[in-house]
Amino acid sequence: MISKYKNKKFIDEEGNKWDSKREYKRWILLEEREEKGEISNLERQVMYQLMPRLTNEEGKFKYHPIRYYADFRYTENGKVVVEDSKGMKTPEYKIKKKLMYWLYKIEIEEV
């Protein structure tokens with residue numbers, strides 16, 4: 001399947017689903033770095049809430065929550081690093097990147 005941004009979904013040998021081969025290759029590299037002890041606490045698809053579900057004055061649903069899913073998060077030299085394997089920076093992503101910094105003081109690293 002090809003998305004509207006031309007990245008092809010990818011399934012690895014273990015059956016894990018990836019948004020692109022770029023993301024999968026980055027994961028393999030990060031796993032190798034973790035095995036060498038260069039980084040620690042490696043995670044993928046980490047969710048950050050940027051806005052909660054909103055309701056109106058009567059408590060009825062108004063807006064869905066806004067979430068950002070980081071491709072990878074790990075610790076390097078005592079610092080938490082959040083990465084995104086970006087081929088194309090969509091307008092939605094650009095807004096979420098700014099919200100991540102505003103809410104969490106996290107600068108997303110794009111690889």
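## Terms and basis of the model

Two strands are said to pair if DSSP finds at least two bridges between them, and the strands themselves (E, at least two residues), like the helices (H or I, at least four), are DSSP runs numbered from the N terminus. The model described here is predicted, so that local features need pLDDT of at least 70 and side-chain atom pairs count only at pLDDT 80 or more, while totals for chains, interfaces and linings use all residues. Residues are numbered from 1 along each chain as its sequence is written, and side-chain values use heavy atoms, with hydrogens and water left out.

## The sheet

Four strands form an open sheet in the order S3-S6-S7-S8, with mixed pairing. Its edges are strand S3 (40-51) and strand S8 (109-110), each of which pairs on one side only. S3 and S6 run antiparallel to each other and are joined over eight bridges; Gln49 has Arg67 in S6 as its bridge partner.

Strand S6 (residues 66-76) is also antiparallel to strand S7 (residues 79-84), with five bridges between them. Thr75 is partnered by Val80 of S7, and Glu76 by Lys79 of S7. The hairpin of S6 and S7 has two residues between the strands, and Asn77 there takes a positive phi near 55 degrees.

## Helices on the sheet

Helix H1 (residues 21-35) packs on the sheet and touches S3, S6 and S7 (contact means heavy atoms within 4.5 Å), with its direction at about 130 degrees to that of S3. H2 likewise packs on the sheet, where it touches S3, S6, S7 and S8, and its direction makes about 95 degrees with that of S3. For these angles, axes are lines fitted to C-alpha atoms, for helices over the stretch in contact, and the values run from 0 to 180 degrees between N-to-C directions.

## Positive phi and exposure

Asn41, which lies in strand S3, has a positive phi near 55 degrees although this residue is not a glycine. Asn41 is exposed, with a relative accessible area of 53%, where exposed means over 50%, buried under 20% and partly exposed in between (1.4 Å probe, protein chains only).

Lys105, in the loop between H2 and S8, is another residue other than glycine with a positive phi, of about 55 degrees, and Lys105 is exposed at a relative accessible area of 56%. Tyr104, by contrast, belongs to helix H2 (residues 91-104) and is partly exposed, at 36%.
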